[in-house]
Amino acid sequence: MIDFIRTLGRWALGTMERLGRATLLLVQILTGIPELMMRFSLVVQQLFYVGVLSVLIILVSGLFVGMVLGLQGYNTLVDFGAEESLGVLVSLSLVRELGPVVSALLFAGRAGSALTAEIGLMKSTEQLSGMEMMAVDPVRRVIAPRFLAGLISMPLLAAMFSAVGILGAFLVGHSLLGVDDGAFWSQMQAKTDWYEDILNGVIKSIVFGFVVTWIALFEGYDAVPTSEGVGRSTTRTVVHSAFAILGLDFVLTALMFGE
Amino acid sequence: MTPLIKIRDLHFNRGDKVIFDGVDIDIYRGKVTAIMGPSGTGKTTLLKLIGGQLRPQRGSIVVDGEDVHKLSRKALYALRKRMGMLFQSGALLTDINVFENVAFPLYEHTDLPESMIRDLVLMKLQAVGLRNARDMMPAELSGGMARRVALARAMALDPMMILYDEPFTGQDPISMGTLVNLIRRMNDAMGLTSIVVSHDVAETTQIADDIYLLSGGKVVDQGTPEQLQKSGSDWVEQFMQGLPDGPVPFHYPGTEFADDLLAGEENR
């Protein structure tokens, strides 16, 4: 029993300490951002690695998720003769929920894990230490540009995911199942609200981008500098990001649509 | 003559393990000073303490009149611009090529025009004999070449001193010879101060002006290579001549071999 309490205590202390270190890193990153504006080319370079290289997986996944939504939605709606509302169903589910959440999960798997592995390996091969000794702050030079790139990429990727998803649903709904295209688009336009739905979805994706990139960079920066340590950190990035995304999604949804 | 680096009463622990227990070291300008000792005596830790990457529990390290651990972040970074450090692994940035690696500190810290940066980088690479390898990526370099590139990079800002962390480890005889010569030649030609951390006795004694021997968290002996070769101490003799047994036992301390054999299976 005592052992159990001791282990629990150690775990809690360890977690608090990590949270503290993660917060310190975040503060360092945020204070480095104004300086980064003078050298935006560093961010642009990372936008390519973090954002552009994630586009393919986002587009393909978005297309399939949209097509499945189209099929499933049609099957339910057709029983009530409401199949023309397919556009609304699909657009609301994608813009409010699936777009931000699924693209953030994919982003964590594709870009988050890559960021952790990269930073962790830079640490274990003393590249970060080497920069410090060259009087270059690795947080400002390496971490902050990646953070900003993640923050910018995530909402854009989520928007692409939703757009392609809607297109996928339209393909299935209209071309395959024969839903009227005019009704599909006009009902969608009438029922999807700019502030209520789209903006809230964008806010979600910004929050997810912030959290996922933060977790990924912290895990890399805090990794034990061995191959095993970097491997563990990479796994933790994906697992913790998934928890954070799904947990925060509930909180944000409750705040936005909860009344 | 005041030393460039003055270390006084240095205490440093890692957890419960005592790494330094009251170390005093003076490193003089223009000289090649070697810090030697068996593996695990904290030689690399000493370099990190000098560079301000680690903080001692007690004692002071004064570099060029400035107490490293009392400096503000900005002042510490300014001091680091005057220090070069050669990491054991080279620590080259793996996503950019040799030229860009050497140019890195220049791009970060100066506003020099592109053509001048090019000239400076080529000069540094010429000095280490790798001007024609400038387009190679770090992954394509051999260990010795990587270390020479790292040396060119450490010199890019023309520092007053260079810290070498185990520069000879894992080198073939040719690149070893090249590095040994380079360190001495650079030191004399550019008026540097060099601190070489190493446990390669033969190579280090060739180029060092002063040697400090560390063991068990303390300075065991110091002096010129000749003085140390003639030292009366058994420990120093064992280390300098690489004898397998002596005051430092060959066997990791613990139970006797015979007891272990007789203990049977249960005591694995």
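# Exercises on chains A and B

In β4(B), B:S60 is the bridge partner of B:R8. The exercises start from this pair, after two notes on the model.

The model is predicted: local features need pLDDT of at least 70, side-chain atom pairs count only at pLDDT 80 or more, and totals for chains, interfaces and linings use all residues. Residues are numbered from 1 along each chain as its sequence is written, while chains are lettered from A and ligands numbered from 1 in the order in which they are written.

**Exercise 1.** Place the strands β1 and β4 of chain B in their sheet.

*Solution.* Helices (H or I, at least four residues) and strands (E, at least two) are DSSP runs, numbered from the N terminus. Two strands pair if DSSP finds at least two bridges between them. Strand β1 (residues 5-14) and strand β4 (residues 58-63) of chain B have 5 bridges and pair in the antiparallel sense. They belong to an open sheet of 4 strands with antiparallel pairing, in the order β2-β1-β4-β5 (chain B). At its edges are β2 (17-27) and β5 (66-67) of chain B, each of which pairs on one side only.

**Exercise 2.** Which residues of α3(A) are buried, and what covers them?

*Solution.* Helix α3 (residues 55-77) of chain A has 23 residues and reaches 32 Å from its first C-alpha to its last, close to the 33 Å expected at 1.5 Å a residue. The expected span is 1.5 Å times one less than the number of residues. A residue is buried if 20 or more other C-beta atoms, placed from the backbone, lie within 10 Å of its own, exposed if 12 or fewer, and partly exposed in between. The buried residues of α3(A) are A:I58, A:G62, A:V65, A:G66, A:M67, A:L69, A:G70, A:G73 and A:Y74. Their cover includes α4 (86-124) and α6 (138-176) of chain A.

**Exercise 3.** Is A:R140 buried, exposed or partly exposed, and what does A:R140 touch?

*Solution.* A:R140 lies in helix α6 of chain A. With 19 other C-beta atoms within 10 Å, A:R140 is partly exposed. Two residues are in contact if their C-beta atoms, placed from the backbone, lie within 7 Å. Leaving aside its neighbours within four places in sequence, A:R140 is in contact with A:G32 and A:E35.

**Exercise 4.** Give the number of residues from each chain in the contact of chain B with chain A, and name the elements on the side of chain B.

*Solution.* Chain B gives 14 residues and chain A gives 10 residues. On the side of chain B that touches chain A, α2 (73-81), β6 (83-86) and α3 (98-109) of chain B give two or more residues each.
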